[in-house]
Amino acid sequence: MTPSLIVPAANQLLSRIPPQELAVFMMESEPVTLTFGDVLVEPGAVIEKVYFPIDSFISLIVGLDDGDTLEVTMAGREGMMGASLLLGVQESPLRALVQGGGAALCIEAARFQSLLLTCPVLHKRLLRYLYVLMNQIAHTVACTHFHQVEARLARWLLMTQDRAGSDSLQLTHEFLAVMLGVRRAGITQAATALQARGVIRYHRGSITVIDRAGLVEASCGCYAHDCSLYAQVLGAPLDPSS
Amino acid sequence: MSAPQSAPQYDPRNQLLALLPEDELARLQPHLERVALPLGKSLSESGGVMHHVYFPLDAIVSLLCVMENGASTEIAVVGNEGIVGVSLFMGGETTPSRAIVQSAGEAYRLKGQRIKDEFYRAGTMQRLLLRYTQALLTQMAQTAVCNRHHSVDQQLCRWLLLSLDRLPGDQLIMTQELIANMLGVRREGVTESAGKLQRAGLIAYHRGHITVIDRPGLEARVCECYAVVKREYDRLLGPEALL
């Protein structure tokens with residue numbers, strides 16, 4: 001079995017919390033649909049709503065003045081958007097871009113913050129998520145620095161596949177270049193190499209993962225590291241079928 | 001109870017502690033243990049359990065992410081504006097990064113359990129630690145994008161300025177090898193960049209001593225990442241942050 005961060009279920013941060021806390025959360029939040037390409041918050045702007053993705057996922061991106069970018073982390077149903085509020089800060093340092101459209105639970109920032117006071121188990125769990133997030137960003141610093149584009153692309157595809165819950169991903173080279181902070185030519189080269197290995201199929205803006213184990217093999221150790229840390233700190237993903 | 005033997009006078013140089021109201025600081029003071037942090041000392045290894053947190057007084061600590069093959073790169077730097085060991089109150093049992101003393105000096109050390117107790121009192125300390133964590137996250141994210149897109153020259157300028165802000169003087173004691181480890185580049189890369197800065201009259205480098213001669217010159221050369229990080233620290237932890 002390959003490591004995996006996600007199993008189909010509701011948001012994993014909301015699992016393993018007492019039913020009364022979950023009930024309060026559900027009362028305060030509402031289901032929304034996120035659309036691919038929506039920007040939920042710009043860097044420096046006040047976070048008005050917090051999102052707990054269910055089958056959508058969100059990229060958190062740093063942008064430089066000259067337009068260069070880098071995705072530093074991703075939030076799907078294993079995570080949340082708006083973690084700064086846990087730290088008592090209203091503004092987001094990062095751009096949040098919807099990368100995979102779908103459902104999410106949405107809660108107003110002020111309500112979210114008062115909710116934390118009444119839901120201590122959830123609050124603790126979210127702080128632990130913050131620990132994972134921080135670690136993930138730290139690893140991205142090193143990964144971006146040391147690892148080849150091919151291995152980084154493999155890591156990124158695995159992270160995306162987990163959150164998309166699908167083997168088939170709609171992604172242009174241009175989009176991938178923005179996420180990984182490399183030129184388009186670099187993406188083409190890396191995608192071609194992964195295709196030659198027989199782990200993905202690439203065709204006109206659509207990437208299909210055909211050999212997940214092979215893709216894990218082609219990725220740098222950062223993917224497996226992220227998965228094991230998440231499991232260690234927040235518990236293994238719960239399997240709804242069990 | 002092990003009260004430190006000699007803490008005759010409180011040293012107020014750590015800015016995070018300085019933001020605490022008097023009563024919270026007074027409660028903490030008997031437990032603050034003043035320790036010397038020599039250059040190169042490891043305060044935590046990645047995956048290790050951290051028993052103490054550190055509030056630097058004039059030391060600078062570098063947080064490094066270590067890869068499986070042993071290669072490392074700096075993800076953030078902590079000086080007297082901060083604290084080493086934030087993962088403790090987030091509930092992580094182990095530290096995600098290696099913490100190495102990058103510039104020798106002193107720090108106050110506090111037992112891990114003590115800071116957790118303080119954190120769960122939900123007073124100013126909690127707010128400070130959380131806001132500080134946010135600043136640290138910003139620094140990490142910015143370092144990632146800087147590593148990706150900016151030249152070694154610019155990264156070296158950023159690194160020198162970040163270090164300088166955390167030091168009382170304008171001199172850093174640092175080998176090029178250590179800088180290379182911090183920036184995750186080869187020594188030759190650092191030598192070349194440092195040579196350029198020296199020829200431009202911005203720094204003087206002599207046997208492991210770097211003296212910054214022209215700070216505005218460094219600021220003119222540095223990438224935006226320095227200002228982004230500094231602004232965020234000022235905003236989150238400046239004197240008016242908690243009003």
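In this predicted model, the axes of α5(B) and α10(B) approach within 9 Å and cross at roughly 175°. Angles over 145 degrees count as roughly antiparallel, and the two helices α5(B) and α10(B) are therefore roughly antiparallel to each other. On the α5(B) side, the contact is built from Arg131(B), Tyr132(B), Gln134(B), Ala135(B), Thr138(B), Gln139(B), Gln142(B) and Cys146(B). Facing them from α10(B) are Cys225(B), Val228(B), Val229(B), Glu232(B), Tyr233(B), Leu236(B) and Leu237(B). By residue class, the contact of α5(B) with α10(B) has nine nonpolar, four polar and two charged residues.

Let's turn to where the chains meet. Here 31 residues of chain A are in contact with 32 residues of chain B. On the chain B side, the elements that give two or more residues are β5 (72-78), α3 (87-90), α5 (124-149) and α10 (224-237). Of these, α5(B) gives the most, with 16 residues.

The two contact sets described so far can be set side by side by residue class:

The largest nonpolar core has 157 residues. Those with the most contacts inside this core are Ile58(A), Leu130(A), Ile137(A) and Leu153(A) from chain A, along with Val61(B) and Met140(B) from chain B. Helix α3 of chain A, residues 120-146, supplies the largest share of the core, with 14 residues.

Leaving aside residues up to four places away in sequence, Met140(B) touches Ile137(A), Ala138(A) and Val141(A) in chain A, and Ile75(B) and Ala76(B) in its own chain.

For a contrast in setting, have a look at Ala10(A), which lies in the segment before α1 (19-28) of chain A. From Ala10(A) to Thr160(A) the separation is 150 residues in sequence and 17 Å in space, C-alpha to C-alpha.

Finally, a word on confidence. The model scores ipTM 0.75 and pTM 0.83. Chain B has an average pLDDT of 88, and 95% of its residues score at least 70. Where pLDDT is low, the predicted coordinates should not be read in detail.

How values were computed. Residues numbered from 1 in each chain as written. Chains lettered and ligands numbered in written order. Predicted model: local features only at pLDDT ≥ 70, side-chain atom pairs only at ≥ 80, totals over all residues. Contact = placed C-beta atoms within 7 Å. Helix = DSSP H or I, 4+ residues; strand = E, 2+ residues; numbered from the N terminus. pLDDT = per-residue confidence, 0-100. Core = buried A, V, L, I, M, F, W, Y, C linked by C-beta atoms within 7 Å. Buried ≥ 20, exposed ≤ 12 C-beta atoms within 10 Å, placed from the backbone. Axes fitted to C-alpha atoms, helices over the stretch in contact; angles between N-to-C directions. Parallel < 35°, antiparallel > 145°, perpendicular 65-115°, else oblique. Nonpolar A, V, L, I, M, F, W, Y, C, P; charged D, E, K, R; others polar.
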